[in-house]
Amino acid sequence: MKILAIAGSSRKNSNTDNFLDLFLENFNLKNEDITYLTLKDLDYSYCISCYGCAKVPRCILKDDLTDIYPIIEESDMIIFSTPIYFNSVSSISKSFIDRMQVYWSRKFLLKLPPIKEKFGICLINGGAKYTEEQFLGSELVFDHFLKVTSCKNHLTLKVSNTDENPINSENEDFIRFLNSINLDFNARKSYVLKEKNYGNK
Ligand SMILES: Cc1cc2nc3c(=O)[nH]c(=O)nc-3n(C[C@H](O)[C@H](O)[C@H](O)COP(=O)(O)O)c2cc1C
């Protein structure tokens with residue numbers, strides 16, 4: 001199985017990186033054919049809205065994402081891990097996602113067949129204690145991302161309160177949460193780890 005694993009934190013040794021790593025480990029995916037993308041280490045532009053992709057089915061910008069498009073198209077699974085920034089995905093994640101406009105144009109403007117169907121996994125972590133709104137912005141962004149990248153079925157895992165209880169292998173609540181997840185490739189599911197009784201309430 002070809003997996004594209006994307007980490008969208010702006011810093012090193014992040015909750016986002018650990019979430020991705022522990023997810024892959026927990027579901028025994030590390031021996032698959034994985035391409036890792038650490039977005040902060042890549043040099044790519046935000047979408048400049050040139051609509052070059054309305055004329056040809058590719059992005060005309062030339063940067064580190066140029067070689068990534070074929071990997072996206074060939075992958076069987078995309079795993080996208082990001083922190084929450086201002087109720088949405090991080091800015092580098094959003095810039096990457098905006099570059100997926102090429103697949104929107106492909107479908108709706110060029111009327112070409114969609115790219116290969118895949119399974120999508122969204123791993124989202126927020127530093128604040130859980131609130132009903134906390135993940136809404138990021139979920140809307142991912143909803144559109146999953147559609148344009150042909151992820152018909154998907155799994156979304158949301159973890160709050162990382163500022164008090166960081167994601168790592170020592171975090172027992174997090175590991176218990178991962179263990180409770182059923183990875184069902186034929187479904188669309190979403191789970192959240194709300195704050196427990198750590199820290200001040
Ligand atoms: C610019 C910025 C905006 C943030 N906005 C939110 C937010 O709206 N909600 C939230 O729960 N946490 C917010 N946080 C906290 C991060 O989501 C949290 O620290 C996260 O675990 C960082 O992930 P990382 O360790 O992978 O970088 C924000 C952090 C930054 C730097």
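Which residue follows α5 with a positive phi? S150 does, with phi near 65 degrees.

1. Basis. The model is predicted: local features need pLDDT of at least 70, side-chain atom pairs count only at pLDDT 80 or more, and totals for chains, interfaces and linings use all residues. Residues are numbered from 1 along each chain as its sequence is written, and side-chain values use heavy atoms, with hydrogens and water left out.

2. Faces of α5. The buried residues of this helix are S138, V141, F142, F145, L146 and V148 (buried is under 20% relative accessible area, exposed over 50%, partly exposed in between, with a 1.4 Å probe and protein chains only). Seen down the axis of α5, these buried residues fall within an arc of 165 degrees, so they line one face of the helix. The arc is taken over the directions from the helix axis to the C-beta atoms. An α-helix has 3.6 residues a turn, so residues three or four places apart point the same way. L140 and K147 are exposed on the face of α5 turned away from the buried side.

3. Packing of α5. Its buried residues pack against the strands β3 (77–85), β4 (88–89), β5 (118–125) and β6 (151–159), and against the helices α3 (91–98) and α4 (101–108). Contact here means heavy atoms within 4.5 Å.

4. Helix α4. V102, Y103, S105 and R106 are buried in α4. They cover an arc of only 160 degrees around the axis, which puts them on the same side of α4. The cover over the buried residues of α4 includes α2 (68–74) and α5.

5. Ligand shell. There are 17 residues around the ligand, and S9, T16, I84, N125 and T162 come nearest (a residue is near a molecule or strand if one of its heavy atoms lies within 4 Å of it). The ligand on its own has 640 Å² of accessible area, of which the protein covers 75%. Accessible areas come from the Shrake-Rupley method with a 1.4 Å probe, and for residues only the protein chains shown count as cover. The elements that give two or more residues to the shell are α1 (15–26) and β3. β3 gives the most, with three residues.

6. T16. This residue is in helix α1. T16 is buried, with a relative accessible area of 1%. Apart from neighbours within four places in sequence, T16 is in contact with A7, G8, S9, S81, T82, P83 and N125.

7. K158. A lysine in strand β6, K158 is buried, with a relative accessible area of 11%. Its side chain makes polar contacts with the side chains of E139 (2.8 Å) and S190 (3.3 Å). Apart from neighbours within four places in sequence, K158 is in contact with I124, F135, E139, F177, S190, Y191, V192 and L193.

8. Helix α6. D173, F174, F177 and L178 are the buried residues of α6. They cover an arc of only 135 degrees around the axis, which puts them on the same side of α6. These buried residues pack against α1, β6 and β7 (188–193). The face turned away from the buried side of α6 carries the exposed residues E172 and N179. At the N-terminal end, N171 caps α6, with a side-chain oxygen 3.2 Å from the backbone nitrogen of D173.

9. R176. This residue lies in α6, which runs over residues 172–179. R176 is partly exposed, with a relative accessible area of 48%. R176 and T66 are 110 residues apart along the chain, and their C-alpha atoms are separated by 39 Å.

Technical notes:
Helix = DSSP H or I, 4+ residues; strand = E, 2+ residues; numbered from the N terminus. Polar contact = N/O pair within 3.5 Å; in protein donor to acceptor, adjacent residues only side chain to side chain.
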